[in-house]
Amino acid sequence: MTEIYETQPERTDLPLVVMPSVLQSMIEPIKAQFPALHDVARVRMFEEFTSDESVIAERVTDADALLVGGYHISDDLLNGLGEHSNVKCIVFCGTGVASYINLDLARQLKIRVCNAEHYGDHAVAEHTFALMLELVRRTGQLDADVKAGNWAWAGGDGLQLAGRKLGIIGLGGIGSTVAGIAQAFGLQVSAWNSHVPEEHFARTGARPVDDLDELIAGSDIVSVHLPLNNATRGIITAENLAHLRPGTLFINTARSEVIESGALLARLSNGDIPAGLDVFDHEPLAADDPICHVSGIVLTPHVGWRTDGAFKELTRQMIQCLTAYFAGEDYNVVVSERG
């Protein structure tokens, strides 16, 4: 039976915030933030993770605001919220809300949508290097070899990061953090970003490259850190990826949708590009997905953002979104209920 955690259940005079599904890792961090909603709203959190829309719809029937994360809100569910509930505010537990909620439909339904920003800059940047280091040193395979009694040096030769060229696509919060870490490793850092002022490149120590093809062709490692929005969806094309030289490392911890559909799989299928991917077109990734059968790549289940520090900052921002909403103020508003 699902446990339900509630704050101030007797305060029926207060609006109700419902979290119908939650990752286990977030339960304690978000509970620690709930006191900030005292006398602002009561909270009902279902302490299990589910993406079953019928279950979610049932749990949110009397809600005034929602905390959601880790699952998609379909158009049918969103329409149901707009027509049959009091929900006028959805706080998304992350940054890339456009991947999970139809923002245009939310705007039509006059439902506010909020997100969190920069909470995972360090977490995702560190995971970028976890993938990168696994590709160049293969510690996972070496660990398995040693434990199996195979003390063979033949598989232990790695690549050195120092002196290599890293090309960053997207120099926002995460990309800038990656640039800083990269320089500590001795990497030569270049970056492409069409909306970042020149002085920002100087602050991060990244050399600006205006042409995306030039950046890709001139890099030993390419790492993607673009946000997903209407301007960036599919911005990295098959033609761009054709400029990857054999042996170039390709890392994506951003969003798969910033790459033209099918283009990355087609390029990786040649077998000459080691890649580390944390994001995919369809999540969770099915075991029979073609990407799972490409040799020389490392896959992780969209966990780059999941660290203790990121959880703490994420939940703080989620609660601040709610307190601002109930106070008639704006905080991290992606879609306004005011149109």
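Visitor: Which residues of the largest nonpolar core touch the most other members?

Guide: A nonpolar core is a set of buried Ala, Val, Leu, Ile, Met, Phe, Trp, Tyr and Cys residues joined through side-chain atoms within 4.5 Å. Buried means under 20% relative accessible area, exposed over 50%, partly exposed in between (1.4 Å probe, protein chains only). Here the largest core has 33 residues, and Met 19, Met 26, Leu 67 and Met 318 touch the most other members.

Visitor: What kind of model is this?

Guide: This is a predicted model: local features need pLDDT of at least 70, side-chain atom pairs count only at pLDDT 80 or more, and totals for chains, interfaces and linings use all residues. Residues are numbered from 1 along each chain as its sequence is written, and side-chain values use heavy atoms, with hydrogens and water left out.

Visitor: What does Met 26 touch?

Guide: Contact means heavy atoms within 4.5 Å. Leaving out residues up to four places away in sequence, Met 26 touches Met 19, Cys 93, Trp 305, Phe 311, Leu 314, Thr 315 and Met 318. Another core lies apart from the largest one. That core has 27 residues, among them Val 224, Ala 254, Leu 264 and Val 294.

Visitor: How many helices and strands does the chain have?

Guide: Twelve helices and 14 strands. The radius of gyration is taken over C-alpha atoms; the globule rule is 2.2 Å times the number of residues to the power 0.38. The chain's radius is 22 Å, close to the 20 Å that the rule gives for 339 residues, so the chain is as compact as a globular protein of that length. Buried residues make up 48% of the chain. Among contacts with a separation of 6 or more, 68% join residues 24 or more positions apart.

Visitor: Where is Glu 126 found?

Guide: Glu 126 is found in helix H5. Glu 126 is partly exposed, at 49% relative accessible area. Its C-alpha atom is separated by 9.5 Å from that of Ile 174, 48 residues apart along the chain.

Visitor: And where is Gly 271 found?

Guide: In the loop between helix H11 (263-268) and strand S12 (275-277). Gly 271 is partly exposed, with a relative accessible area of 46%.

Notes: Helices (H or I, at least four residues) and strands (E, at least two) are DSSP runs, numbered from the N terminus.
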